[in-house]
Amino acid sequence: MAKSLRSKWRRKMRAEKRKKNAPKELARLKQALSQDKKAGDLMADVQEIATVVPAEKVKKQADAEMADPVEAADDDGKMETDGKRNKKTLLDENGQYPAWMNQRQAKKLKGKRTAKKVGQGKKKKKGIAW
């Protein structure tokens with residue numbers, strides 16, 4: 001039931017909010033645990049588990065992995081689903097539309113496909129039809 005544009009937008013915005021507030025939330029958690037005198041060893045565990053890594057560091061790490069020649073020979077950088085979907089009709093091998101497409105768009109594309117098939121079969125007769 002969560003396919004309406006409003007719910008998609010809300011889910012997207014909630015995800016953005018989580019990304020924005022994650023560092024603040026982590027700082028608050030660390031501060032709360034550091035105030036508690038008994039939780040010294042627990043704080044060390046949390047610092048090891050919950051760390052915010054800068055995006056630049058993650059990108060450098062990803063670039064290093066992509067530069068690995070062994071992995072580059074196996075994977076050409078494309079997703080597996082790229083070749084399985086028809087780019088013109090957006091249908092996959094099972095005849096399914098992508099998950100992000102709403103029913104109105106799918107119906108419109110289907111109408112275009114079937115209109116071409118029907119239009120090819122009918123020919124206008126010449127002369128008088130009586």
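View 1. Glu16 is partly exposed, with a relative accessible area of 40%; here buried means under 20% relative accessible area, exposed over 50%, and partly exposed in between (1.4 Å probe, protein chains only). To count, a side-chain nitrogen of Lys or Arg has to be within 4 Å of a carboxyl oxygen of Asp or Glu. By that rule there is 1 salt bridge. Both residues sit in helix H1, 3 residues apart, or about one turn of the helix.

A quick word on what you're looking at: this is a predicted model, where local features need pLDDT of at least 70, side-chain atom pairs count only at pLDDT 80 or more, and totals for chains, interfaces and linings use all residues. Residues are numbered from 1 along each chain as its sequence is written, and side-chain values use heavy atoms, with hydrogens and water left out.

**View 2. The whole protein, helix by helix.** Stepping back, the protein has 5 helices and 0 strands, so the order from the N terminus reads α-α-α-α-α. Helices (H or I, at least four residues) and strands (E, at least two) are DSSP runs, numbered from the N terminus. Of the 130 residues, 10% are buried.

**View 3. A positive patch that includes Arg14.** Lys3, Arg6, Arg10, Arg11, Arg14 and Arg18 make up a positive surface patch. Patch members have over 30% relative accessible area and no salt bridge, with like charges joined within 9 Å and nonpolar side chains (Val, Leu, Ile, Met, Phe, Trp, Tyr) within 5 Å. Accessible areas come from the Shrake-Rupley method with a 1.4 Å probe, and for residues only the protein chains shown count as cover. Lys and Arg count as positive and Asp and Glu as negative, while His and the chain ends are not counted. Each charge is placed at NZ of Lys, CZ of Arg, CG of Asp or CD of Glu. Arg14 lies in helix H1 (residues 5–35) and is partly exposed at 46%.

**View 4. Asn102 and its polar contacts.** Asn102 is in the loop between helix H4 (69–74) and helix H5 (103–121). With 18% relative accessibility, Asn102 counts as buried. Its side chain reaches the backbone nitrogen of Arg104 at 3.3 Å, and a polar atom of that side chain lies 2.9 Å from the backbone nitrogen of Gln105. A polar contact is a pair of N or O atoms within 3.5 Å; within protein, one must be able to donate a hydrogen and the other to accept it, and residues adjacent in sequence count only if both atoms are side-chain atoms.

**View 5. Ser4 and Asn102 across the sequence.** Ser4 is in the segment before H1 and is partly exposed, at 39%. Ser4 and Asn102 are 98 residues apart in sequence, yet 8.0 Å apart in space, C-alpha to C-alpha.

**View 6. The backbone at Leu90.** Leu90 is in the loop between H4 and H5. Though not a glycine, Leu90 has a positive phi of about 65°. Most residues other than glycine have a negative phi. Leu90 is partly exposed, with a relative accessible area of 23%.
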